[in-house]
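Subject: Structure for you, with notes on contacts

Hello,

Here is the structure I promised to send. Please open it first, then read the notes below it.

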Amino acid sequence: PPRICETLPRKFEKKLTKLHWKPIPKGQNTLWAQLPKSLINEDELRVLFEVKEKNLSTKDLQNKPKEVTVLDTKRSNQINIGMKNFPSLGSLKTTILKMDDSSMSREGVEKLQTLLGFIGTSKEKKKEFVFSEEIIMIKEAQKNNPGIPLGHAEQFLLMLHSISGLECRLKLLAFKLDFEVTEEDITYPLKCLKDGIDSIKASKSFSLIMSHILAVGNILNQKDCEGFQLEYLSKLKDVKDTATKKTLLHHIVKNILDSDSELDDLAKEFVEFRKVSRTNFEEVLTNLEIVEEECKRSIGYLKLAKSSFDPDTFQLVHDFLIAATERILTMKRIYKMVLTKHAAFLDWLGISNRLQADYDPMKVATIMVNFAFDVNCAKTQLLVEKNRSSKKTKSETVIVTKSYSEKSIERKEKIPGTVASLTSIPIPPGRILAPFLQSLALQEGLGKKKICTESNSLDDSILDENDSATESTKTKVKQSAFSRQSKYRSSKTIYHLLEG
């Protein structure tokens, strides 16, 4: 029978350990509706699972530091997390005032601008107005709570607010940090393009392989063509012969190697074009124009914040912006010169002026880099096949030579061995030899003859037969033509032995 459940009356309410389960809806025909009642000692359970709170003593309350917090929790946490990437408050203020780009990274400046709402999306830019309101609230809280320190986030905002011309300073510092990186991003691809063009023009291997390609193409087309478009270099690996299914590039490189011409590593000669093949030069020009506009704006920021700068810092920023302006103008001249050199390079390749717009530096460099890779692959494959064939020929020569020497040695050892075996045959006694000779005579069809049974005459006959066999073997080695005569004489000797 089910137990009767009685719940003891509650005497007090305390904070207990919670069980974080998910309740289910009430039902009639479920397990939970059919459970028996249980008797639970609620007082004991409350004592066991009571959550005990730590009671702070008066001394702890007195020693606990107090601080004034004005910002909401989300904003305070955002600032405290961002502060970990910055120098200390005193160092940060000095860095901004002195425009010291060695103590702060570009990411740090951008993070600072985002926190204050100076840059970012329209939602983030609203923080600029919020920043002004936050400063007013912090100052009022500080005034109403004299002697109580501000929270870390509040101190951080108040310190930044104390810097005059903060927004202009941060933008100038960001431009100063960006300029050197941007300058390298612009000038390095231009340098690679210039050096790559010079390397191709000076490459003897490139001229050699282009000459072979043109000659082979004229033979196959049965026409005398002076040159071909640059795109076809990427199709040489796709054209295959009908006999061996080897690529056209394979045969061209093989022809060069068979003629003992020196074919250098084109990938090393075209190494500068790797950077060019990954650079969009229209974006390079756009970045150059953006840097020029940023420099102009920075000069305007400097004029606006002139009163907030000390004379030394103002002169430092002024000199930097003047030098940056000169370098930007120099980069624009370099860009035009290198692009003019590229146009001359296209003329050198035989590309007409009306088609040169389709051959930007990135496309030309990509074709050259891929072509160099294909040539190196074909060259490597040919060298591997050549080494494999050479090793195979050497191994076959060694095997043939070894086989010939072994046969010679075997032949030399076989001749004396035969003679020795014949001369070393032990002479059987007369009782055994007589039946043997009789059976031999029967096989030869010579008929039954009278066999000599005297031991002495038999022994003499054995010696004569033995000498005859030895002479027959020697004659066979020296001259094969007399082998039949030797066999005839041997059988005749046996016949005479039988006659005797």
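Phe175, Phe179 and Phe320 form one aromatic cluster. Rings of Phe, Tyr and Trp (its six-membered ring) pair if their centres lie within 6.5 Å. Planes under 30 degrees apart count as stacked, over 60 as edge-to-face and the rest as tilted.

Before the rest, some ground rules. This is a predicted model, where local features need pLDDT of at least 70 and side-chain atom pairs count only at pLDDT 80 or more, while totals for chains, interfaces and linings use all residues. Residues are numbered from 1 along each chain as its sequence is written, and side-chain values use heavy atoms, with hydrogens and water left out.

Aromatic pairs

The structure holds 6 aromatic pairs. One of them is Phe86 with Phe156, and it is stacked. The centres are 6.0 Å apart, with 0° between the planes. Phe86 sits in the loop between α3 (73–83) and α4 (89–98). Phe156 is in helix α8 (residues 152–161). The pair therefore ties together parts that are 70 residues apart in sequence. Helices here are DSSP runs (H or I, at least four residues), numbered from the N terminus.

Phe86 is buried, at 9% relative accessible area. Phe156 is buried too, at 1%. Buried means under 20% relative accessible area, exposed over 50%, and partly exposed in between (1.4 Å probe, protein chains only).

Phe206 and Phe270 also pair. Their ring centres are 5.9 Å apart and their planes are at 70°, so this pair is edge-to-face. Phe206 lies in helix α10 (residues 204–221), and Phe270 in the loop between α12 (266–269) and α13 (272–277). The pair ties together parts that are 64 residues apart in sequence. Both Phe206 and Phe270 are buried.

Salt bridges

There are 14 salt bridges in the structure. The cut-off: a side-chain nitrogen of Lys or Arg within 4 Å of a carboxyl oxygen of Asp or Glu.

Arg75 bridges to Glu134, with the closest N and O atoms 2.9 Å apart. Arg75 is in helix α3 and Glu134 in helix α7 (residues 127–144), so the pair ties together parts that are 59 residues apart in sequence. Are these two side chains buried or exposed? Arg75 counts as buried at 8% relative accessibility. Glu134 also counts as buried, at 7%.

Asp195 and Lys191 meet in a salt bridge of 2.9 Å, N to O. Both lie in helix α9 (residues 166–202), 4 residues apart, or about one turn of the helix.

Glu231 pairs with Lys363, the closest N and O atoms being 3.6 Å apart. Glu231 is in the loop between α10 and α11 (248–258), and Lys363 is in helix α16. This bridge ties together parts that are 132 residues apart in sequence. Glu231 is partly exposed at 27%, and Lys363 is partly exposed at 30%.

Salt bridges that share partners join Lys191, Lys194, Asp195, Asp198 and Lys341.

Surface patch

Glu282, Glu283, Asp358 and Asp360 form a negative surface patch. Patch residues have over 30% relative accessible area and no salt bridge, with like charges joined within 9 Å. Asp and Glu count as negative. Asp358 lies in the loop between α15 (311–348) and α16 (361–423). Asp358 is partly exposed, with a relative accessible area of 46%.

Best wishes

Key
Patches are made of residues with over 30% relative accessible area and no salt bridge: like charges are joined within 9 Å, nonpolar side chains (Val, Leu, Ile, Met, Phe, Trp, Tyr) within 5 Å. Accessible areas come from the Shrake-Rupley method with a 1.4 Å probe; for residues, only the protein chains shown count as cover. The place of a charge is taken as NZ of Lys, CZ of Arg, CG of Asp or CD of Glu. Helices (H or I, at least four residues) and strands (E, at least two) are DSSP runs, numbered from the N terminus.
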